[in-house]
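Here is a short report on one protein chain. Keep the 3D view open as you read.

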Amino acid sequence: MLKLQNVILNDEIYQANRSLYYTLSEQLESMVLSFGTYFNSLWLQDWKEYTTISSFYLHVRFRGEGTVSIIQSRLIEEEVSHIVSYRKKFSSPGSEYIQIEIPEPDSVAWRMIHFEIEYDKNRDFEFLDAFYAAQNSFTPHPIKTAIVICTFKRERYLYNNVATLKNYFAKNPELAETYDVFIVDNGKTLPTDIEEKNILLFPNKNTGGSGGFARGILEALRSDTEY
């Protein structure tokens, strides 16, 4: 089973922009936790169009009772349409993932899917985590990504971004070797001790954003690593 995409939820830095990750709505006797958002929807049809994957799965883990729905979406003439393609109630202690095969879309027009969990607001319920996966019959090609950050005397933002990346990869150690960060310092104000295993610093003339990003791309191409 190949993991395609993690569902992101519980990180304190994201709570100010919660609607990018999930929404929570109240009904008469229940709550609906929806992941039809920018970061947590799955562009299913694009995976089908650009890869050889044919079978897709949702792995979800929660404690308590909840009804899981898988919802297909499409955009036609700026109007969004939704249909529920799967709906089932589960009871779980939260120790293992519930695996659900994602139904085949009715047509290529239904490009995106997401899931929702409806639960009784008067009963104990806790969402834990989830991810989308696929059944694969091939060996994935390892990818190494160069992340270029261009900065000019914006230390506070830079340190926050670097801390975000470090925290994320620390929580996902299987991804720790998949990236390097190239920091292009157009202001030449950053200390060299910001560098570490996956973080490289390049003092640069103030060539603006375009010039700074070009410098980062150039250094990635010069590297012995194939990004």
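## The open sheet

Two strands count as paired if DSSP finds at least two bridges between them. The model shown here is predicted. In it, three strands make an open sheet, ordered E9-E10-E11. Their pairing is parallel. Strand E9 (145-151) and strand E11 (199-203) are the edge strands, and each pairs on one side only. From one strand to the next, the twist averages 20°.

Look at strand E10 (residues 179-185). E10 pairs with E11 over five bridges, in the parallel sense. Val181 stands opposite Ile199 in E11.

## Helices on the sheet

Helix H2 (residues 155-171) packs on this sheet and touches E9, E10 and E11. The direction of H2 makes about 175° with that of E10.

Helix H3 (residues 208-222) also lies across E9, E10 and E11. H3 runs at about 150° to E9.

## Two nonpolar cores

The largest nonpolar core has 30 residues. Which of them touch the most other members? They are Leu58, Val60, Ile102, Phe115 and Phe127. Strands E3 (30-34), E4 (55-76), E6 (98-101), E7 (112-120) and E8 (126-135) each give two or more residues to this core. E4 provides the largest share, six residues.

Take Ile102 as a case. Leaving out residues up to four places away in sequence, Ile102 touches Leu42, Leu44, Phe56, Tyr57, Leu58, Ile70, Ile113 and Tyr132.

A second core of 12 residues is separate. Among its members are Val162, Val181, Leu190 and Leu201. Val181 is the residue that stands opposite Ile199.

Definitions and conventions: Residues numbered from 1 in each chain as written. Predicted model: local features only at pLDDT ≥ 70, side-chain atom pairs only at ≥ 80, totals over all residues. Heavy atoms only, no water. Helix = DSSP H or I, 4+ residues; strand = E, 2+ residues; numbered from the N terminus. Axes fitted to C-alpha atoms, helices over the stretch in contact; angles between N-to-C directions. Contact = heavy atoms within 4.5 Å. Core = buried A, V, L, I, M, F, W, Y, C linked by side-chain atoms within 4.5 Å. Buried < 20%, exposed > 50% of the residue type's maximum accessible area, 1.4 Å probe, protein only.
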